[in-house]
Amino acid sequence: EWAIHSYNFFEGIALSECESIENVAALGQAILDHGESFAEFQGYFNYDDVAQAVEEFTDRFMGVYKSEEDFAYEQLEQDGTLDRLEKIGFSENYINWDAIVNDMECGGGYLFIRTGFEEVHVFGND
């Protein structure tokens with residue numbers, strides 16, 4: 001028998017005192033393979049099945065950004081929205097980035113997990 005009393009190297013993922021060795025090994029491998037972003041994802045959703053957590057993480061992870069606004073800017077730039085606005089004479093300086101981020105999150109399309117100064121992990125919910 002064993003008991004887990006410390007799990008510092010699991011990037012914040014809570015392990016039960018009697019966690020199975022197989023689950024501990026699978027979580028450790030997933031963290032090694034996918035880094036802190038996986039740990040944040042698993043810590044937020046707490047999947048029982050590590051393989052399912054890895055699959056969901058792989059499908060939903062969109063990157064790490066300095067801010068939610070940086071992510072929103074990149075999305076609008078990539079889909080051509082900023083170019084279309086510029087063509088009709090609308091300056092991006094008038095865009096309320098906080099409102100756009102709020103809509104992205106409240107609309108259920110994105111999950112933002114802030115982990116530190118200028119560090120936001122972004123996941124899609126679709």
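Begin by selecting helix α4, residues 68-78, and colour its buried residues: Glu68, Phe71, Ala72, Gln75 and Leu76. These buried residues pack against β1, α5 (81-87), α6 (97-106), β2 and β3. A few terms before you go on: buried means under 20% relative accessible area, exposed means over 50%, and partly exposed is in between, using a 1.4 Å probe and protein chains only. Contact means heavy atoms within 4.5 Å. Helices (H or I, at least four residues) and strands (E, at least two) are DSSP runs, numbered from the N terminus.

A word on what you're looking at: this is a predicted model, where local features need pLDDT of at least 70 and side-chain atom pairs count only at pLDDT 80 or more, while totals for chains, interfaces and linings use all residues. Residues are numbered from 1 along each chain as its sequence is written, and side-chain values use heavy atoms, with hydrogens and water left out.

Now go back to α4. Its buried residues are Glu68, Phe71, Ala72, Gln75 and Leu76. Turn the view to look down the axis of α4: its buried residues fall within an arc of 130°, so they line one face of the helix. (The arc is that of the directions from the helix axis to the C-beta atoms.) After α4, click on Gly80, whose phi is positive, near 85°.

Next, the sheet. In what order do its three strands sit? The order is β1-β3-β2, in an open sheet with antiparallel pairing; two strands pair if DSSP finds at least two bridges between them. Select β1 (61-65) and β2 (110-116) to see the edge strands, each of which pairs on one side only. From one strand to the next, the twist averages 20°. Zoom in on Val64 and you'll find it opposite His121 in β3.

Axes here are lines fitted to C-alpha atoms, for helices over the stretch in contact, and angles run from 0 to 180 degrees between N-to-C directions.

Stop next at Ser67, in the loop between β1 and α4. Is Ser67 buried or exposed? At 14% relative accessibility, Ser67 counts as buried. Show its surroundings: leaving out residues up to four places away in sequence, Ser67 touches Arg114 and Val120. The C-alpha atoms of Ser67 and Glu119 are separated by 6.5 Å, though these residues are 52 apart along the chain. The side chain of Ser67 also reaches the backbone nitrogen of Asp70 at 3.0 Å.

Select helix α2, residues 36-45, to find the buried residues Ser37, Phe38, Ala39, Glu40, Phe41 and Gln42. They pack against α1 (21-34), α3, β1, β2 and β3.

Two last clicks, both about phi. Most residues other than glycine have a negative phi. Asn46, which follows α2, has a positive phi of about 55° although it is not a glycine. Asn46 sits in the loop between α2 and α3 and counts as exposed at 51% relative accessibility. Finish at Glu118, in the loop between β2 and β3: its phi is positive too, near 55°, and Glu118 is partly exposed, with a relative accessible area of 41%.

Notes:
A polar contact is a pair of N or O atoms within 3.5 Å; within protein, one must be able to donate a hydrogen and the other to accept it, and residues adjacent in sequence count only if both atoms are side-chain atoms.
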